[in-house]
Amino acid sequence: MKVFINKIIPERGYRMLEEAGIAYTVWKEKPILDRGQAIQFCKGHDAFLSAGQAGLDADFFEQCKHLKVVALHSVGFDGVDIEAATARGIPVGNTPNVLNKATAETALLLMLTVARRALYHHKRIKKGEWGIAKPTEGLGFDLAGKTLGIVGLGRIGAELAAICTRSWGMKILYHNRSSNKRAEEAYGATKVSFDELLEQSDVVSVHTALTEETRGMFGMEQFKKMKSSAIFINTARGGVHQEEELIAALDQKIIWGAGIDVTNPEPMEANNPLLDMDNAVVFPHIGSATKETRDEMTRCAVENIIAGLKGKEIPYPVNPEVYQTR
Ligand SMILES: NC(=O)c1ccc[n+]([C@@H]2O[C@H](COP(=O)([O-])OP(=O)(O)OC[C@H]3O[C@@H](n4cnc5c(N)ncnc54)[C@H](O)[C@@H]3O)[C@@H](O)[C@H]2O)c1
Ligand SMILES: O=C(O)[C@H](O)CO
């Protein structure tokens, strides 16, 4: 039994595989593999541990229908044709929950950085402009006591609600497909329509998956509904916002600021106007990038591989229905 791993993973993963007696091949080179190369490697292996491999479409699963399991090194599975995998009896696994705290912390870091204009002040020092001349200059705003609107109150959204209510006394509004009664009870979160959330929030933070329904959900029409003093935060997927319209909304001061960990497309070009704007902060998709979290994500992914190769149900399936159709 052999697994193909398309990027270097934390050491813990290799140890787990060795203890389970599973051989592995790791692609350690740059550039990262293209889709065709990934398929060629998968053809010589029984399982695939995939960190952000693009193009896991119906054709991929057709060409690689011998795979016993595909383990994603992420919780998000947009870009993976789950129906096609299920149709060929291939379980696909992800890494839920273990990255909730790191990703919610990233959203909070973006909120604080934008609200307190941290990058703007940092850049001013570099330009030799240390002093703030007047008490009215260079001001940000308090997050404490403000209203946070969470779009997609699932695992990560709930973690952000927990941090922001406990430590900052923020009021939580949310927009979701279904009610999250637990979050309503635990954090006093109130379910509202998408428009109400946009109109009433001081910070709007996105935590939905990227689906056909959420793609492009934030454009000029939505930014215009937000308060001109509000901040837009996206740690979900870049495809949820329309980047040109976000740039225009920031440029025209339709909203006050934005912090994004995910861009559209990724990677972002180095000459993107967002990188020069004083009211925008961009991170290169580092939501889950802590040592502890990446270790845990690796554990989940490798547990999925080991179970899949041993013919057992994988512990973190995206398509549990595969076990009914098999
Ligand atoms: N920046 C990063 O590094 C990073 C890290 C982890 C996760 N993510 C992204 O965050 C997403 C969320 O992760 P999660 O574990 O919290 O997922 P989750 O499934 O627990 O939560 C997503 C929530 O969005 C809601 N939702 C779905 N469609 C919606 C719609 N049209 N309108 C409103 N709400 C909708 C769902 O009901 C659910 O409550 C992932 O899919 C991934 O894309 C990014
Ligand atoms: O979906 C995820 O888990 C992240 O975007 C990758 O770390």
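Predicted model: local features only at pLDDT ≥ 70, side-chain atom pairs only at ≥ 80, totals over all residues.
Residues are counted from 1 along each chain as its sequence is written, chains are lettered from A and ligands numbered from 1 in the order in which they are written, and side-chain values rest on heavy atoms, with hydrogens and water left out.

Ligand 1 comes first. Its shell holds 26 residues, and the closest are Arg155, Ile156, Glu213, Thr235 and Asp261; to belong to a shell, a residue needs a heavy atom within 4 Å of the molecule. By type, the shell around ligand 1 splits into 8 nonpolar, 13 polar and 5 charged residues. Here Ala, Val, Leu, Ile, Met, Phe, Trp, Tyr, Cys and Pro are taken as nonpolar, Asp, Glu, Lys and Arg as charged, and the others, Gly among them, as polar. Several polar contacts can be picked out, meaning pairs of N or O atoms within 3.5 Å; inside the protein, one atom must be able to donate a hydrogen and the other to accept it, and residues adjacent in sequence count only if both atoms are side-chain atoms. A polar backbone atom of Ile156 sits 2.9 Å from an oxygen atom of ligand 1. On the side-chain side, an N or O atom of Arg237 is 3.3 Å from a ligand 1 oxygen, and a polar side-chain atom of His285 is 3.3 Å from an oxygen of ligand 1. Of the 870 Å² of accessible area that ligand 1 has on its own, the protein covers 89% (Shrake-Rupley method, 1.4 Å probe; for residues, only the protein chains shown count as cover).

Ligand 2 has Ser74, Val75, Gly76, Leu99, Arg237, His285, Ser288 and Met297 around it. That shell comes to 3 nonpolar, 4 polar and 1 charged. Arg237 turns up here too, with a side-chain N or O atom 2.8 Å from an oxygen of ligand 2.

Now for the backbone. The peptide bond from Asn264 to Pro265 is cis, with omega near 10°, and the one from Glu266 to Pro267 is cis with omega near -5°. Pro265 lies in the loop between strand 11 (257-260) and strand 12 (280-282), and Pro267 is in the loop between strand 11 and strand 12 as well. Helices (H or I, at least four residues) and strands (E, at least two) are DSSP runs numbered from the N terminus.

Two non-glycine residues show a positive phi: Asn97 at about 75° and Lys253 at about 55°. Asn97 lies between strand 5 (92-93) and helix 5 (100-115), and is partly exposed at 46% relative accessibility. Lys253, in the loop between helix 11 (243-251) and strand 11, is exposed at 58%. The cut-offs are under 20% relative accessible area for buried, over 50% for exposed and in between for partly exposed (1.4 Å probe, protein chains only).

Arg124, in helix 6 (residues 118-126), is buried yet lacks a salt bridge, the nearest side chain of opposite charge being Glu129 at 4.0 Å. A salt bridge needs a side-chain nitrogen of Lys or Arg within 4 Å of a carboxyl oxygen of Asp or Glu; for charge, Lys and Arg are positive, Asp and Glu negative, and His and the chain ends are not counted. Still, a polar side-chain atom of Arg124 lies 2.7 Å from the backbone oxygen of Glu129.
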